[in-house]
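Have a look at the model first.

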Amino acid sequence: MAQESPKNSAAEIPVTSNGQLEDSHEHSFNRDLKRSLPVGLGLSETKITSHGFDSTKEGVVEAGPFPGSSASPKPSVISPSSAAASRLAGQGCDLIIPTGGRAQQKSGPVVLADEVKNPAMEKLELVRKWSLNTYKCTRQIISEKLGRGSRTVDLELEAQIDILRDNKKKYENILKLAQTLSTQLFQMVHTQRQLGDAFADLSLKSLELHEEFGYNADTQKLLAKNGETLLGAINFFIANVNTLVNKTIEDTLLTVKQYESARIEYDAYRTDLEELNLGPRDANTLPKIEQSQQLFQVHKEKYDKMRNDVSIKLKFLEENKVKVLHNQLVLFHNAIAAYFAGNQKQLEQTLKQFHIKLKTPGADAPSWLEEQ
């Protein structure tokens, strides 16, 4: 009679009469196994390998696809709680939580949409920059007038500007005197013409003094005619000098004003940069120094550009001024000399030389036939 082999109570697995595992024990075994497995590892992904009692490996649980199952292994999915989700959102994690309740993390940087620009805020920023620039420039002007601030000076350019302003004042004085002369000459010509008409009338009515009145009438009419010729030359001289003074020179002085404004801005930002460089250098002042350096460079380039523009305009103005004044002064001299010398031909030749056309008195007025 064969002797029964000793059995371990732990190795006994109860079976039913048909050789299958009892359902209650199977459910209990699966529940205990799920508790002992790592989180996220499904039961379908495990395989239990049973060895003999004499084997060195007992109770080995291998993770992998269950034999006979065609399903591919699924990655483990963690469903975070609401508190964990809120903490992840606070840390800037970009999570997409579908309706099924599972959270998936989306890789890639977070892109924020550009904020809509407010026109009112842009205008406010422009006003702020303008106010700050005006304050800096005003402070620089006051400090220069009080003798406390330093200013950038281009000696050669400043001398040329001073000469131009002084010459402008002198040219304006000449222009004013020439206009006075033209007005007085016009009044004299008008008086001579009236006097000539009076002499001519008397020469017809006074038979005894017919020749004397006639000579004086012809003389006054000739003087009036020469005076009109001289008046045309003087008015031509006034028109050209007026263009030179009030347009050409004024345009150059407008560029000079822009240059001086650029110089004040340049000195104002240069002073700010120097004050910042003299102060401490730390995390708070370094960004300010860098920003001040950038603004200083912008205004320096503007100052250099305006200085170059002024130099070029002064050069061309000097050439144009010499040419214009040379012709006008020759005209004025020849016309005055010919008039007072009584040289009518020379006076008329002077006007032809400078292409001056005189307006005939009453030429613009319509005739009596046109008025009908």
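## Overall layout

The protein has 8 helices and 4 strands. Keep in mind that this is a predicted model. Reading from the N terminus, the order of elements is α-β-β-α-β-β-α-α-α-α-α-α.

Of the 372 residues, 23% are buried. If you take contacts between residues at least 6 apart in sequence, 67% of them join residues at least 24 apart.

## The helices

How does the span of helix α5 compare with what its residues should give? This helix covers residues 210–278, and at 1.5 Å a residue its 69 residues should span 102 Å; the end C-alpha atoms sit 98 Å apart, so the two agree. There's still a kink of about 35 degrees in α5, centred on E250.

UniProt, in an unreviewed entry, puts a "coiled-coil region" at residues 154–181 and 289–320. In the model, residues 154–181 are 96% helix and 0% strand, with end C-alpha atoms 41 Å apart. Residues 289–320 come out as 100% helix and 0% strand, and there the end C-alpha atoms are 46 Å apart.

Mean pLDDT for the protein is 74, and 65% of its residues get to 70 or more. By element, helix α4 (residues 155–205) has the highest mean, 93, while strand β3 (residues 95–96) has the lowest, 42.

Two stretches deserve a flag. Over residues 88–114 pLDDT stays under 50, and the model has 19 contacts beyond four places in sequence for them. Residues 367–372 also stay under 50, with 1 such contact beyond four places in sequence.

How values were computed:
Residues are numbered from 1 along each chain as its sequence is written. This is a predicted model: local features need pLDDT of at least 70, side-chain atom pairs count only at pLDDT 80 or more; totals for chains, interfaces and linings use all residues. Side-chain values use heavy atoms; hydrogens and water are left out. UniProt positions are given in the numbering used here, feature names are shortened, and annotations may be inferred rather than shown by experiment. Helices (H or I, at least four residues) and strands (E, at least two) are DSSP runs, numbered from the N terminus. The expected span of a helix is 1.5 Å times one less than its number of residues. The bend at a residue is the angle between axes fitted to the seven residues ending there and the seven starting there. pLDDT is the predictor's confidence in each residue, from 0 to 100. Contact means heavy atoms within 4.5 Å. Buried means under 20% relative accessible area, exposed over 50%, partly exposed in between (1.4 Å probe, protein chains only).
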